[in-house]
Amino acid sequence: MNCTENNHVSSLNTHCKYCKTNICHNCEDVHKEHYTIPIDQYQEELNGQSKAISNYLESYLKCLKERKLFNDSFFTKIKDKYEKQVEDVDKLFRDFHDQLHVKQVELKRELKSYYEENSEKYTICQSQLELDIASIDEKFKEMSRIDTTQFNVDQSRLITNYMENPIVDNKSKTFYELPTLDFEAIGNKFENRMTKIKIKSISKKACPIKFSEKLVFDDIPINKSQNLYLYNRTTGLEVLGLFDEFKVTQVQSSPAISPASLFPYWQTMSDQSLLYLIAGDKIAYLNNKKNDPTWIIKQVPQLCEYEFRSSISDNKGNIYMIGDKLGSGSWSNIYTMSIGNFEIKHIGTIKGYSNWQTLSFGSGSWLYICSGFKTNVLKFNIKTYQLESLGSLIPIVSTSLLNTSYSCYAGNLIFVISNIEPRFIEYNIKLNRSKILELDSKVIPCHNYNNLAKILYDHDQYIYYFVIGAKCISRYNILQNEWSIVHKTDKIISVTQYFSLS
């Protein structure tokens, strides 16, 4: 029996991100090359999205109601001013009413025309706001009726529709024409008074209450790393337990691709199930949570046009990369690529020189970018594409042309290792203060000006130090301020190897 979208042979246990549908064991083969996640994880995503949409609609509904009250209050002032101005006109013309009756009627008629026009605008504005309030209120109630305890296809479609077609506040502003009697233009002579009494109008926006809230979903979950991934073309992939004496817990064969250099992809991964390798026009990725994980290889011709120096993945099948077009030599543009459609999209640019970056996710969907060589720290919001600098130069880090520094983000701290003194520095972002830490290069193998290195944070209490040419991996305990060698190898570390924490 073949499965259909609404009728499956067995219970739904997986969600396909590429096809945006739920599948069972019977139809997994159809989606074997797609990026899939467990149904429980997808349900958690739906719950988070449902909550975010409800909060957004509730806030928008509140804003519309506040606009309605403000508009009513604003128009009350217009009405009061109109009545006062009519009284002023009566008082002005009382002494010579007969002679000025024509002018008096003319001014009143003009004032009334402004009032009627404003009254019509007010009615239209209030009616539209009432319609908007009713519409958003219905959508809010519709989201409130969602049962987040069990899966429902219609609910999933409803949430997906809001995700793909978000409600945007694009209402036009209402401008009222506010007439003002120009008494100062009246001259001493009676004739001048008759011709110079005029009404001036000033446009004033009636709805200064802005709705700037955006539809924001839960942050990327940051979990402390459990494993160290070691990969080279000869032995394939080895998974070592960080807290199990670095014993090999899993071995995977090498995918049928041959990266020239894997150094750019020494990165931490927020998505602990997805491991990826990029080489030439191919990308190989491995879903490590499956019972029998196998490498899936996809050809992406667009990859041949770029050279990437750093990359990191989130928990939604997205890869964020820093690099540039081949031959440009800048390596300062930020790109994203989804494991699904494999489309490379430019989302940001780092001003100035940036190279050999270390990437780490922090709270609030911020991606922290620590550049090597000329040490600087930036943070980039993967939802709004906002880029902020946290400091172009870290205090007391050597600015010598002979210095090569590598750094990583660890909470509110930045750790920097240089090839000349001061060799090891801790920088506190909030205090904008640096301090020198101990690092004995006779005990811990360190990089020099000519070889590469990388520092990775495990989102707990350790940073790991990898150096090209060394035969070991070093680790620094942030809480105890202590270095140690945690893993020794028979062969030296080279640029053809891959190291990643997850």
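Which residue's backbone oxygen lies 3.4 Å from a polar atom of the side chain of His-8? I looked it up: the oxygen belongs to Asn-22. A polar contact here is a pair of N or O atoms within 3.5 Å; within protein, one must be able to donate a hydrogen and the other to accept it, and residues adjacent in sequence count only if both atoms are side-chain atoms.

**Ground rules.** I am reading a predicted model, where local features need pLDDT of at least 70, side-chain atom pairs count only at pLDDT 80 or more, and totals for chains, interfaces and linings use all residues. Residues are numbered from 1 along each chain as its sequence is written, and side-chain values use heavy atoms, with hydrogens and water left out.

**His-8.** I checked its surroundings next. Leaving out residues up to four places away in sequence, His-8 touches Cys-3, Asn-22, Ile-23, Cys-24 and Cys-27 (contact: heavy atoms within 4.5 Å). Ile-23 is 15 residues from His-8 along the chain, yet their C-alpha atoms are 7.6 Å apart. I found His-8 buried, at 17% relative accessible area (buried means under 20%, exposed over 50%, partly exposed in between, with a 1.4 Å probe and protein chains only).

**Cysteines.** I then searched the whole structure for disulfides and got 0. The test was a pair of cysteine sulfur atoms within 2.5 Å. For Cys-370, the nearest cysteine sulfur is that of Cys-408, 6.6 Å away. Cys-370 is buried, with a relative accessible area of 1%. For Cys-472, the nearest cysteine sulfur belongs to Cys-446, 9.7 Å away. Cys-472 is also buried, at 9% relative accessibility.
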